[in-house]
Amino acid sequence: MAEFETKLRADDNTFKELFVRYNYNPILTARDWPYPVNTVFNPAATIYEGKTLLLARVEDRRGFSHLTKAVSEDGIDNWVIDRHPTLCPDPDNHPEEKWGIEDPRITYIDELGKYAVVYTAYSESGPTVSLALTRDFVTFERMGPIMPPEDKDAALFPRRFGGKWLLIHRPIEHGAHIWISSSENLKYWGDHKILIDTRGGAWWDGSKVGLSTPPLETPEGWLILYHGVRQTVAGAIYRLGLALLDLEDPSRVLRRSDEWIFGPREQYEKYGDVPDVVFPCGWVLDEASGKLRMYYGGADTCVAMAVANLSDLIDYILSCPQPK
Ligand code: BMA
């Protein structure tokens, strides 16, 4: 028996995970919320006034989502949660938000001195990508839908390339691939191009792919974390993979991981409203330590965190194949 246990431990160590889960996951659940909600998941993340700010998707008991912020000094615990929703759907002025707003991604845009929050607006016309700008996460300037439905999983790059903004997004029809588009004014988008395709068949990302966290600028290129979905007879499995985009022309994919690097394993990832889902919408780099904190939804029910060394992620993605 003792020998068996030693063997098991040895086996556990043979595969070194790039992202290590926080021991006290989940970090936020519906029970922590200051008002009654069904679930809290898929948070965006950024640094605001030196603190970690999460903008979580909060689903009420009708099934509609809104966004509420939680702020922490160290990004790990002692979260201070807004007493009321931070950003609510506004169906009177924005009918595309009738069934809620979901899955935000935050990018700080230096040129504007504002944070861009790109989120999924949901209504009977299907999910679509909407944009709001804010300086303080209290008041928001809504720019409305920037893509026609069906589209989701979008985030902005923090700066222009050759005078144009770039957006990564995922139109749903025709294979559910990840696309990249450009704009001169953040409102009207064109030059649409497939960036990362679904690989079909047996692949872990065979049925759908979508951007997870906003692109992270590194000297080697833009680091991309994306989710891939595999449909099985038991349902869908949401896992994560990495890609690297060219620094000056992010429509060029330099590398893409063949294997998934993080997937549902723990109770809070495997059991919940939607089983077998890990779904990050934000990550925060601690420059001093080089540690990257990824915040993700577990099973569409709670918020969890996992940490990686950025240098390990870069070493790993540079060892991955160049897509043909
Ligand atoms: C996606 C989005 C996510 C969700 C995931 C798993 O399409 O709706 O918000 O976490 O499905 O249900």
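Q: How many residues sit between β20 and β21 in their hairpin?
A: In this predicted model, three residues separate β20 and β21, and the two strands form a hairpin. A299 lies in the turn and has a positive phi of about 50 degrees.

Q: How many bridges join β20 to β21, and in which sense do they run?
A: Strand β20, residues 291–298, is joined to β21 by eight bridges, and the two run antiparallel. Within that pairing, R293 stands opposite V307 of β21.

Q: Which residue of β21 does V20 stand opposite?
A: V20 stands opposite V307 in β21. The strands β1 and β21 pair in the antiparallel sense, over two bridges.

Q: Is β21 mostly covered or mostly open?
A: Strand β21, residues 302–309, is mostly covered, with six of its eight residues buried.

Q: Changing topic: in what order do the four strands of the open sheet come?
A: The order is β6-β7-β8-β9, and the pairing is antiparallel. Because β6 (101–109) and β9 (140–145) stand at the edges with a single partner strand each, one side of each has no neighbour in the sheet. Neighbouring strands of this sheet are turned against each other by 20 degrees on average, with direction ignored.

Q: What holds strands together in a sheet, in general?
A: Strands of a sheet pair through backbone hydrogen bonds, in either a parallel or an antiparallel arrangement.

Q: Over how many bridges do β6 and β7 pair?
A: There are seven bridges between β6 and strand β7 (residues 114–121), in the antiparallel sense. In this pair, I101 stands opposite A121 of β7.

Q: Where is D103, and is it buried or exposed?
A: D103 belongs to strand β6. The residue is buried, with a relative accessible area of 5%.

Q: Which residues does D103 touch, apart from those up to four places away in sequence?
A: D103 touches N42, R57, V118, Y119, T120, F279 and C281. With R57, the side chain of D103 makes a polar contact of 3.1 Å.

Q: Which residues surround the ligand?
A: The ligand is surrounded by N42, R57, D103, K152, Y238, V274, V277, F279 and D300. D103 therefore counts as buried at 5% relative accessible area and is among the residues around the ligand.

Q: What are the distances from oxygen atoms of the ligand to the side chains of R57, Y238 and D300?
A: An N or O atom in the R57 side chain is 2.6 Å from an oxygen atom of the ligand. For the side chain of Y238, the corresponding distance is 3.1 Å. A polar side-chain atom of D300 lies 2.6 Å from a ligand oxygen.

Q: How much of the ligand does the protein bury?
A: The ligand taken alone exposes 310 Å², and the protein buries 86% of that.

Q: Which residues is T128 in contact with, leaving aside neighbours within four places in sequence?
A: T128 is in contact with E96, Y119, T120, A121, P145, M147, P148, P149 and D151. One of these, A121, is the residue of β7 that stands opposite I101.

Q: What about T128 and G200?
A: Their C-alpha atoms are separated by 24 Å, and the two residues are 72 residues apart along the chain.

Q: Now the backbone: which peptide bonds are cis?
A: The bond from N25 to P26 is cis, with omega near -10 degrees. P26 is in the loop between β1 (20–21) and β2 (39–48). The bond from P149 to E150 is also cis, with omega near -5 degrees. E150 is placed in the loop between β9 and β10 (151–156).

Q: What are the phi values of D153 and L186?
A: Phi of D153 is positive, near 55 degrees. D153 lies in strand β10 and is buried at 2% relative accessibility. Phi of L186 is also positive, near 70 degrees. L186 is in the loop between β12 (178–183) and β13 (189–196), and its relative accessible area of 4% makes L186 buried.

Key. Residues numbered from 1 in each chain as written. Predicted model: local features only at pLDDT ≥ 70, side-chain atom pairs only at ≥ 80, totals over all residues. Heavy atoms only, no water. Pairing = 2+ DSSP bridges. Axes fitted to C-alpha atoms, helices over the stretch in contact; angles between N-to-C directions. Buried < 20%, exposed > 50% of the residue type's maximum accessible area, 1.4 Å probe, protein only. Polar contact = N/O pair within 3.5 Å; in protein donor to acceptor, adjacent residues only side chain to side chain. Contact = heavy atoms within 4.5 Å. Near = heavy atom within 4 Å. Areas by Shrake-Rupley, 256 points an atom, 1.4 Å probe, with all protein chains shown as cover.
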